[in-house]
Amino acid sequence: MVGFRSLKALVLGAGLVAGLGVQAPALAAGGEIHLPDTRFSFDGLFGHFDRASAQRGFQVYKEVCSSCHGMHQLSYRNLRDLGLSENEVAGIAATVQVMDGPNDEGQFVERAGRASDRFHAPFPNEKAARAANNGAYPPDLSVIAKAREGGADYLHALLVGYEEPPAGMQLGAGMHYNKYFPGHQIAMPAPLNSDGQVEFHDGTKSTIDQMARDVSQFLTWAAEPELEQRKAMGVKIILFLTVLGGLAYAVKRKVWADVH
Amino acid sequence: MSIGLHKSDFANPVIRWVDSRLPIFTMMQKEYGTFPTPRNFNYFWNFGALAMINLLIMIATGIFLAMNYTAHTGMAFDSVERIMRDVNYGWLLRYAHANGASMFFIVVYIHIFRGLYYGSYKAPRELLWMLGVVIFLLMMATAFMGYVLPWGQMSFWGATVITNLFSAFPLVGETIVTWLWGGFSVDNPTLNRFYSLHYLMPFVIFGVVFLHVAALHITGSNNPLGIDPKGPQDTLPFHPYYTAKDSVGIVAYLAVFALIVFFFPNALGHPDNYIPANPLVTPPHIVPEWYFLPFYAILRAVPDKLGGVLMMFGSIAILFVLPWLDTSPVRSMRFRPLARPFFAVWVVSFFVLLWCGGKPAEEPYVTISRVAAAYYFLYFLVILPLLGRLERPLPLPESISLPVLRGGGPLPAGAMSKPMEKA
Ligand code: HEM
């Protein structure tokens, strides 16, 4: 039926347009900001984490970001997934002091961190964090890669996006200009501000861009630790369903052979 | 019906023993085995079975999520993240459940469009259709309350905006809102009752689905030609013909579902829902889940709050009376040359509303939503009632088997003279 075909095309077209529109709700807000596409190893159907990069990213987090940002969903033991050995993880955990208790005497005591502890929080609570940061709150970074439009591309862009404000723009007190932050005024001072700020053990040159990439890789792993398993399983399941679909269709054809 | 054992024809003695005391095997055989089904279904007729499968997937994943979820404002967000990290295949359960809700609405929207195009709501299937609308409403309530559970920013603010709508009703509005909240704002009591209801409602849906299918098995299915089967030559036993055809649809549906769950699990969600709920910080735009956007757009298209709420509910309530608004006795739009383009524009207006609902409430989106919303209602309230009188339908085929057996080619001259049938 010609009429039905064109109706179908119309409906599909409208659906597609509406679907695309819904895809980018945040873009509609304010001026459009284009993020540079960073091409991470975990993009695409066969994506996987670049372990070396994620380990460097953890180092950047530990040495730079962790003085302001917590990651309370993660435990030190999770770092094993990044290829760190049991000893390395124990060593990292032991660098922090954790309040534990009450013990059998009812006392709370400080002890060295263990692999099973959550990442150490820089501030005891939100008020303390705000007090130390000019009233701004450095958000927990555990799921930040899922909590921002653009994910890792946005994180990378944000970290390299600090600039002098355009002429005539009045920044608020304690605010900094960032090309990619919505509204362009951010309370976080450029955390990555000089090449060589972090010394990578594997000899990679720690340019600002490299540190930003590595920490974005790390934060994506932290937000979606299941990503590799998920994509690998997805490929198998899609292959399986393709074969099953072929079989189901063949059976259907056979069953219906005497009807049409 | 007489009292006494049912006379069962099953050969297997155990099955026969059970069946003669409780004839469920006879029933299954009658309703899903030999059930006479029009022979000319196209793939749009898969979507009822798909909706059923989807409901089962939601219940199965939901029950396992519930074993690990904590309904408390201080713990809900972290408990969902813990499901994603520390529960075996918890990420799969949670992504399947969250995206399963989207799949459910895709499937049900197609199922509803199918009904609208082929006139499946017309006599004698009015009650069947109305039960479907009840299911749709219950699904919306269930999904809305489910979305509150992870207690992210959109959970909290979506719940605040939507529950606040009830305050538009004069006199009782404020009382209703306080009653829904269990307090004076969306807070822990709200989360707890929503969780309880979110667990309950799918089983209520299951009950209504049973009635929906029971009603279907009284009237029998409609079909793409919209004419009644005239005899055995027009039907096929449900099994193996439609079990085989539904299997193809189910595998295709699972493939689409898998593609979303495994590769784009957050594409249909809003990133703000990964920010824990904070009553002190309002997100720049509060948008509901995509499947509510058409109705959200209608709400915002009306300048008056109460008016908007009434129009929004009205846009679904109108479906209940659709069988009486559409005055044409011809079911399938294949034979309704005028209704067809008007319906196509209605579908476009639905998608336009969906698109506008995701945009901020400013120009030009407000005006576009108004035009689309106006057409949405115009179609049901004016166009369909009038078309039944003004339109000259194309001649209906004599029977289902005729065009099918002839490969759907041009109809024989004799078929042209047949007046359209009135069911
Ligand atoms: C009609 C069927 C159902 C629909 C449409 C539905 C919809 C939803 C939605 C949209 C969410 C939020 C997803 C997210 O963003 O995290 C959700 C969460 C949840 N649902 Fe359901 N659901 C259904 C059935 C059930 C059932 C039967 C149960 C329990 C037996 C259940 C338990 C849960 C739990 C515990 C959560 C919170 C965990 C989470 O947010 O992922 N659901 N549901």
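Q: Helices are DSSP runs of H or I with at least four residues, and strands are E runs of at least two, numbered from the N terminus. In this predicted model, in which helix is the place of B:Tyr241?
A: The model is predicted, not experimental. Within chain B, B:Tyr241 falls in the run of residues 238-263, which is helix H10.

Q: Does B:Tyr241 count as buried or exposed?
A: Burial requires a relative accessible area under 20%. B:Tyr241 has a relative accessibility of 11%, and therefore it counts as buried.

Q: With which residue does the side chain of B:Tyr241 make a polar contact?
A: Leaving aside neighbours within four places in sequence, B:Tyr241 is in contact with residues of chain A, including A:Val255, A:Trp256 and A:Val259, and with B:Leu236. A:Asp258 is also on that contact list. The side chain of B:Tyr241 makes a polar contact, at 3.2 Å, with the side chain of A:Asp258.

Q: How many Å apart in space are B:Tyr241 and B:Thr37, C-alpha to C-alpha?
A: In sequence, B:Tyr241 and B:Thr37 are separated by 204 residues. In space, their C-alpha to C-alpha distance is 9.2 Å.

Q: Which residues coordinate the iron atom of the ligand?
A: The protein donors are NE2 atoms, placed at 1.9 to 2.0 Å from the iron. One belongs to a residue in helix H5 of chain B and the other to a residue in helix H9 (residues 188-219) of chain B, 101 residues apart, so the pair links distant parts of the chain.

Q: What is the geometry of the site of the iron atom of the ligand?
A: The site has six donor atoms, with angles of 88 to 180° among them. For six octahedral donors the ideal angles are 90 or 180 degrees. The iron site is classed as octahedral.

Q: How many residues surround the ligand?
A: The closest residues are B:Arg94, B:His97, B:Gly146, B:His198 and B:Tyr199. A polar side-chain atom of B:His97 lies 2.7 Å from a nitrogen atom of the ligand, and a polar side-chain atom of B:His198 lies 2.7 Å from a nitrogen atom of the ligand. The number of residues surrounding the ligand is 25.

Q: Which residue has a polar side-chain atom 2.7 Å from an oxygen atom of the ligand?
A: The residue in question is among the closest to the ligand, a group that also contains B:Gly146 and B:Tyr199. The polar side-chain atom 2.7 Å from a ligand oxygen belongs to B:Arg94.

Q: Which residue forms a polar contact of 3.2 Å with the side chain of A:Thr38?
A: A:Thr38 sits in the loop between helix H1 (2-23) and helix H2 (51-63) of chain A, and at 4% relative accessibility it counts as buried. Beyond residues up to four places away in sequence, A:Thr38 touches A:His156 and A:Arg213, among others. The 3.2 Å polar contact joins its side chain to that of A:Asp153.

Q: Which peptide bond ends at A:Pro102, and is it cis or trans?
A: A:Pro102 lies in the loop between strand E1 (97-100) and strand E2 (109-112) of chain A. Most peptide bonds are trans. The bond from A:Gly101 to A:Pro102, with omega near 0°, is cis.

Q: From which residue does the cis peptide bond to B:Pro364 run?
A: B:Pro364 is located in the loop between helix H13 (339-357) and helix H14 (365-390) of chain B. Its cis bond, with omega near 0°, runs from B:Glu363.

Q: What is the positive phi of A:His184?
A: Most residues other than glycine have a negative phi. A:His184 is found in the loop between strand E3 (176-177) and strand E4 (185-186) of chain A, and at 24% relative accessibility it counts as partly exposed. Although A:His184 is not a glycine, its phi is about 70°.

Q: What is the positive phi of B:Tyr89?
A: B:Tyr89 lies in the loop between helix H4 (76-86) and helix H5 (90-118) of chain B. At 44% relative accessibility, B:Tyr89 counts as partly exposed. This non-glycine residue has a positive phi of about 55°.

Q: How far apart are the end C-alpha atoms of residues 233-251 of chain A?
A: An unreviewed UniProt entry annotates residues 233-251 of chain A as "transmembrane region". In the model this span is 100% helix and 0% strand. Its end C-alpha atoms are separated by 27 Å.

Key:
Residues numbered from 1 in each chain as written. Chains lettered and ligands numbered in written order. Predicted model: local features only at pLDDT ≥ 70, side-chain atom pairs only at ≥ 80, totals over all residues. Heavy atoms only, no water. Buried < 20%, exposed > 50% of the residue type's maximum accessible area, 1.4 Å probe, protein only. Donors = N, O, S within 2.8 Å, 3.2 Å for Na, K, Ca; no water. Tetrahedral: all angles 85-135°; square planar, octahedral: opposite > 155°, others 65-115°. Near = heavy atom within 4 Å. Polar contact = N/O pair within 3.5 Å; in protein donor to acceptor, adjacent residues only side chain to side chain. Contact = heavy atoms within 4.5 Å. UniProt positions renumbered as here; feature names shortened; annotations may be inferred.
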